[in-house]
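Subject: Structure handover

Hi,

Here is the structure we talked about. My notes follow below it.

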Amino acid sequence: MRFNLGFSLREALKNMRLNPLMSITSVVTTFICLLVLGVGLLVSAHVEGVVSAVRQDVSVEAFFLQDASQEEMDRVRETVEGYPEVSEVTYVSGEEAVERFRQTFSERPDIVSDLGDDFLPASLQIQLEDPGAADDVARRLEGERSVVENIDYPQRTIERLDAVTSYVIWGLHGATALFLVASVLLISNTIRLSIFARRQEIEVMKLVGASDGFVRTPFLFEGLAQGLVGGGLAAAAVLWLNSLFVEWSGTALPFVPISVTAVNSLFVLGVLLLAGASIGVLGSFLSMRRFLKI
Amino acid sequence: MGEAMILFDNVTKVYGRDTVALERVDLEIEAGEFVFLVGASGSGKSTIMRLILKEVEPTAGSISVNGTKLASIPRRRVPHHRRNIGCVFQDFKLLPNKTAAENVAYAMEVTGQRRRSIRIKVPQILSLVGLAEKSEKYPHELSGGQQQRVSIARAFVSQPPILIADEPTGNLDPDTSMDIMQLLDRIHRIGTTVVVATHDRDMVNALQKRVVALEDGRVVRDKVKGAYADEV
């Protein structure tokens with residue numbers, strides 16, 4: 001039998017027009033499921049965005065002992081400037097560090113007021129040619145322990161961050177996978193209800209000699225359309241939430257490098273549309289099986 | 001003697017574990033025959049219909065329809081098999097969200113017929129059953145008799161060699177029932193093999209056709225020109 005695409009499409013459209021409530025239920029279910037999926041995407045994109053922003057900005061900080069003399073500090077500075085991996089070295093005196101601290105917390109005088117002028121150590125801020133060399137530079141600085149009290153560099157932060165974010169991201173992916181399975185089940189159940197309401201219709205179709213494919217195709221198109229609408233709405237909602245979040249984080253979390261570009265709108269749209277379409281079609285297919293056994 | 005259109009050879013059907021619906025039934029219906037299957041509810045009439053459609057499989061014995069053994073038809077070819085058989089039901093089984101014309105057209109669309117020939121044939125068959133003016137009505141806007149005419153039109157529009165009707169007049173008043181039976185008889189006279197399951201005594205007596213009587217899943221009587229029951 002030739003495949004009658006036009007007929008299937010017309011049937012699907014007609015069914016949706018005649019059962020708007022069922023279509024709305026399916027669309028809303030898909031929308032909610034994919035919204036959660038999309039928010040998961042959003043969170044992992046931002047976590048990864050922050051991690052990579054931190055990674056980009058690799059510098060090593062060496063804090064001097066409080067009682068280190070200016071000569072000693074100048075000597076270390078010159079030594080460090082001689083390292084091949086180092087592109088730039090900036091000396092920050094204790095007073096400058098305190099000044100920066102005061103500026104940062106200028107809105108919180110209660111924190112700053114009780115502090116003296118010399119509670120922060122002087123330090124070297126060392127910019128690197130290659131972020132990967134942070135370890136080597138830190139190891140060399142170990143040789144200056146007589147005046148250098150503490151060596152801090154983002155490699156450590158990154159390692160800690162990586163440990164945390166890998167858990168977070170794996171958790172998110174796991175939750176997303178579970179959620180997808182739940183979505184398919186939930187949606188196939190919703191679709192099953194709508195098909196159940198029309199089981200007599202399917203029975204008649206089968207009895208007048210319609211093949212399984214002939215009966216099924218309009219339902220698959222229906223599932224596809226509902227999945228795409230649900231996915232599209234979810235993508236719109238997710239992107240809107242993202243812009244709200246980025247705007248909010250700009251004022252509320254000024255130190256966290258959150259960027260709009262961390263989330264690729266086309267990717268989100270694509271993923272959610274694809275997920276919606278697959279969920280809709282798969283859900284329809286699964287729930288049809290039972291009713292076709294006539 | 002013509003060739004057998006429907007052949008039941010020693011057919012037994014047991015539902016579940018021990019509900020015997022048919023027991024060792026032999027039945028031969030020739031091409032172009034008109035046969036009444038009569039008997040009380042649960043005597044096995046509907047089971048015979050469902051077996052012919054390959055809606056259920058026999059527990060034992062073999063069935064041939066139109067020269068083909070049903071056991072040899074794979075599941076995916078069942079729709080093709082059903083296109084040889086027009087079906088009429090007691091409850092009409094029309095699609096509620098389609099008009100009379102659309103219901104008839106659906107049976108043709110299912111078999112992949114061209115839209116052109118659908119547009120031509122649907123009005124023809126609807127006027128044949130006397131519903132030319134009602135073609136745009138939905139089933140709930142039609143009377144029971146009219147709905148049954150639509151379902152007969154649907155069953156017959158592709159001119160299948162066999163037409164089976166399960167209690168076609170079960171929901172209709174006597175006058176309407178007679179119209180429906182005469183319609184079935186007309187289809188029979190065109191050359192279609194017609195099998196009607198019924199317990200409508202008056203109808204069977206009026207038409208004087210072959211009568212196969214069933215009781216508890218067995219054929220208890222088979223008369224060529226019979227009445228519903230033997231006159232005492």
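In chain B, 17 residues of domain 1 are in contact with 14 residues of domain 2. Contact means heavy atoms within 4.5 Å. Domain 1 of chain B covers 1-84 + 162-232, and domain 2 covers 90-159. Their C-alpha centres lie 23 Å apart. Chain A is divided too, into domain 1 (5-55 + 159-291) and domain 2 (59-152). There the C-alpha centres lie 50 Å apart. Domain bounds come from an automatic or database domain assignment.

Some ground rules. This is a predicted model, where local features need pLDDT of at least 70, side-chain atom pairs count only at pLDDT 80 or more, and totals for chains, interfaces and linings use all residues. Residues are numbered from 1 along each chain as its sequence is written, chains are lettered from A and ligands numbered from 1 in the order in which they are written, and side-chain values use heavy atoms, with hydrogens and water left out.

Cavities

There are three cavities of 30 Å³ or more. A cavity is a set of points, on a 1 Å grid over the protein atoms alone, where a 1.4 Å probe fits but cannot get out; lining residues have an atom within 4 Å of a point. Grid points are joined across faces, edges and corners, and a volume is the space filled by probe spheres set on the points.

The largest cavity holds about 150 Å³. It is lined by 14 residues, and the closest to its centre are Val208(A), Ile85(B), Gly86(B), Arg154(B) and Ala155(B). Strand S6 (85-89) and helix H5 (144-156) of chain B each give two or more residues to this lining. S6(B) gives the most, with four. Helices (H or I, at least four residues) and strands (E, at least two) are DSSP runs, numbered from the N terminus. By type, the lining has eight nonpolar, three polar and three charged residues. Here Ala, Val, Leu, Ile, Met, Phe, Trp, Tyr, Cys and Pro count as nonpolar, Asp, Glu, Lys and Arg as charged, and the others, Gly among them, as polar.

The second largest cavity holds about 60 Å³. Its lining includes Ser26(A), Arg198(A), Glu222(A) and Ser284(A). Helix H7 (154-196) and helix H9 (212-252) of chain A each give two or more residues. H9(A) gives the most, with four. This lining divides into two nonpolar, five polar and two charged residues.

Two helices

Helix H3 (100-110) of chain B is mostly covered, with ten of its eleven residues buried. Buried means under 20% relative accessible area (1.4 Å probe, protein chains only). The cover includes H1 (5-18), H8 and H9 of chain A, together with H4 (115-128) and H5 of chain B. Just after H3(B), Gly112(B) has a positive phi of about 70°.

In H8 (199-207) of chain A, the buried residues include Ile202(A), Met205(A) and Leu207(A). Gly209(A) follows H8(A), with a positive phi near 100°.

Glu33(B)

Glu33(B) lies in the loop between strands S2 (19-30) and S3 (34-38) of chain B. A polar contact of 2.9 Å joins its side chain to that of Arg210(B). A polar contact is a pair of N or O atoms within 3.5 Å; within protein, one must be able to donate a hydrogen and the other to accept it, and residues adjacent in sequence count only if both atoms are side-chain atoms. The side chain of Glu33(B) also reaches the backbone nitrogen of Glu30(B) at 2.6 Å.

Best wishes

Definitions and conventions. On a 1 Å grid over the protein atoms alone, a cavity is a set of points where a 1.4 Å probe fits but cannot get out, and a pocket is an open set with protein on both sides within 12 Å along at least five of seven lines; lining residues have an atom within 4 Å of a point. Buried means under 20% relative accessible area, exposed over 50%, partly exposed in between (1.4 Å probe, protein chains only).
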